[in-house]
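Let us walk through this structure together, one feature at a time.

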Amino acid sequence: MSITAARKAELDALCNKFRIDVIDVLHDIQTGHPGGSLSVCEILTALYFEEARVDGSNPDWPDRDRIVLTKGHAAPMLYRILAEKGFFPVEEMKTLRHLNTRLQGHPAAQDTPGVELSTGPLGIGLSAALGMAMALKLDGSDANVYAVMGDGEINEGTVWEACMAAAKYKADNLIAILDRNHVQLDGTSDEIMPLGDLNAKFSAFGWEVINCKDGHDLIQLCDAIDAAKAVKGKPAIVIAETIKGKGVSFMEGKNTWHGKAIGDEEYKIAMAELGGAK
Amino acid sequence: MAKANRDVYGECLAKYGESNKNIVVLDADVSSSTKSGLFGAKYPERFFNVGIAEANMVGIAAGMATVGKIPFVNTFAVFLSSIGLIGARAFGSYSGLNVKFMGAYGGLSDAFDGPSHHSLEDIAIMRALPNFQVFVPADEYETDWVVRNAIEVKNPMYIRLSRDAMKTVHNENTKFETGKGIVVREGTDCTVIACGLMVGQAVDAAEELAKKGISVRVVDMFCIKPIDRELIVKCAKETGAIVSAEEHSIIGGLGGAVAEVLTSEGHGGVPQEFVGVQDRHAECGPYQELLKKYGLDAAAVVRAVEKAIARKGAK
């Protein structure tokens with residue numbers, strides 16, 4: 001059953017708040033990755049606030065679902081959402097990328113409550129997510145593992161090794177969500193490394209593929225994730241079409257905003273667009 | 001002749017696999033070589049052959065470790081310490097996940113397959129990783145302990161094994177402890193600090209040298225990290241000359257670790273000779289002949305000890 005329009009409105013409001021806070025902190029610290037943080041906002045929100053079984057007051061709950069941000073550079077959005085879930089105080093966002101912080105530039109599971117895996121090096125996160133899924137099955141747990149991946153990340157060959165293995169081990173408790181924003185650090189994915197027919201590729205690797213035409217629409221996203229959960233006997237991937245830099249007009253679709261410091265004038269424009277001007 | 005080290009390892013894994021249901025074993029399509037397949041035959045539900053995909057294997061193992069499993073990942077040392085390195089660093093070292101990296105066919109032991117399959121840099125690579133413990137067992141007793149210890153102790157570990165047989169230097173009464181070298185033979189003129197195969201070679205060398213009236217102490221430094229600083233300093237003080245001996249490049253391995261201790265503890269003036277492969281690749285051939293040609297036999301240790309003793313007191 002789809003989420004209601006009222007619920008969607010609540011989640012949209014949360015997303016808008018997250019965007020404002022992430023732009024705010026990235027402007028403050030003059031470092032970090034805005035583009036991919038903005039594109040993955042609804043995907044993470046759908047998981048943490050609607051689809052996944054997580055409890056901010058109990059990060060070590062054995063039967064929790066695992067959400068693994070394999071595209072670790074979107075850490076600012078992950079941290080903002082974890083804070084909202086109560087894993088740590090929202091105030092702590094100010095310490096992002098500072099000395100002595102628990103909020104490292106890329107997610108560090110050993111430091112930050114709620115972070116399931118230390119990521120940053122691209123390509124090996126899906127393997128680890130698969131390992132979690134396999135171990136949970138061994139333990140008889142019904143928990144799911146969600147791997148939130150970037151489309152640039154799947155340039156890495158190890159992703160496809162993990163895809164083969166996930167099919168071999170019939171990891172139907174593994175759900176990948178591809179943040180298909182079509183842009184990577186140096187250019188568009190078509191320019192840097194064309195990905196071709198992803199539906200055909202993942203299908204050929206033995207995965208169920210579920211397309212989400214608008215990865216910023218919470219109803220569509222939740223429906224797609226529900227469909228992925230229902231898949232039995234094989235892993236599933238939701239390919240969510242997104243826009244890099246979503247919500248800030250001058251960042252949208254621009255590879256230059258993969259990891260650039262936000263200037264004061266740009267900050268003002270972004271805040272005005274997001275309705276967060278102070 | 002002692003049993004091949006890989007058989008000892010595989011049998012230990014199968015033997016101790018019963019003790020803890022959290023033990024899982026992964027292999028990258030070489031389980032009949034690494035002998036992890038002996039575990040797989042007994043516990044198929046906890047054995048995962050992930051194909052020729054070492055980086056993926058390490059990643060899967062790391063994910064399993066987050067759920068409380070004790071994963072042993074198995075492939076040739078040369079591939080584990082190169083293709084498997086990204087996960088070793090990100091998940092084992094940085095995140096501290098409890099993965100056991102079992103480097104099969106260490107050193108020149110995959111002799112006939114040639115330099116592409118020899119592993120002469122793995123100790124240097126893996127000991128550079130923070131939080132890792134690094135072990136190089138010298139015989140069957142030590143291999144048995146290392147496997148049991150890896151099951152019991154929650155810490156990422158690199159354990160370097162051999163394809164071949166190694167001389168037995170310990171017995172059922174030997175006490176093994178992380179971070180503690182073992183004096184396997186007393187001596188006063190020089191200390192050979194060795195690991196793996198080279199411990200047996202050092203014992204043979206010490207016997208040769210005894211005939212010439214030279215008294216050589218042999219230390220089995222099977223735990224490369226954390227290394228036994230105290231024992232190294234004691235040997236430097238008591239014997240005044242050190243030889244490091246390893247089936248590895250002379251760069252960055254046991255010899256490097258020993259030199260770091262000597263220098264930082266104020267014993268940089270104590271002569272140290274390095275037995276190992278001299279910053280080059282070897283070639284294919286019969287194992288014993290390779291060991292001789294590339295300076296990893298007892299004769300090479302004898303030469304190094306004589307040189308180290310000759311350097312004592314020289315400016």
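Helix axes here are lines fitted to C-alpha atoms over the stretch in contact, and angles run from 0 to 180 degrees between N-to-C directions. Helices (H or I, at least four residues) and strands (E, at least two) are DSSP runs, numbered from the N terminus. This is a predicted model, in which local features need pLDDT of at least 70 and side-chain atom pairs count only at pLDDT 80 or more, while totals for chains, interfaces and linings use all residues. Residues are numbered from 1 along each chain as its sequence is written, chains are lettered from A and ligands numbered from 1 in the order in which they are written, and side-chain values use heavy atoms, with hydrogens and water left out.

Begin with chain A, which has 10 helices and five strands. Its C-alpha atoms fill a box of roughly 50 × 45 × 40 Å along the principal axes. A compact globule of 278 residues would have a radius of gyration near 19 Å, so the 17 Å of chain A agrees with that; the radius is taken over C-alpha atoms, and the globule rule is 2.2 Å times the number of residues to the power 0.38.

Now find helix α3 (residues 41-51) and helix α9 (residues 218-229) of chain A, whose axes come within 10 Å and cross at roughly 65 degrees. On the α3(A) side, the contact (heavy atoms within 4.5 Å) is made by residues including A:Ile43, A:Ala46 and A:Leu47, and on the α9(A) side by residues including A:Leu221, A:Cys222 and A:Ile225. The residues of this contact divide into seven nonpolar, no polar and five charged. In this count Ala, Val, Leu, Ile, Met, Phe, Trp, Tyr, Cys and Pro are nonpolar, Asp, Glu, Lys and Arg are charged, and the others, Gly among them, are polar.

Elsewhere in chain A, look at the loop between α6 (157-168) and β3 (174-180), where A:Lys170 is found. A:Lys170 has a positive phi of about 50 degrees although it is not a glycine.

Chain B comes to 13 helices and 12 strands, and its C-alpha atoms fill a box of roughly 60 × 40 × 35 Å along the principal axes. For 315 residues a compact globule would have a radius of gyration near 20 Å, and the 19 Å of chain B agrees.

Two loops of chain B deserve a look. B:Asp29 lies between β1 (23-27) and α2 (31-34), and its phi is near 65 degrees, a positive value in a residue other than glycine. B:Pro226 sits in the loop between β10 (223-225) and α10 (229-239). What kind of peptide bond joins B:Lys225 and B:Pro226? The bond is cis, with omega about 0 degrees.
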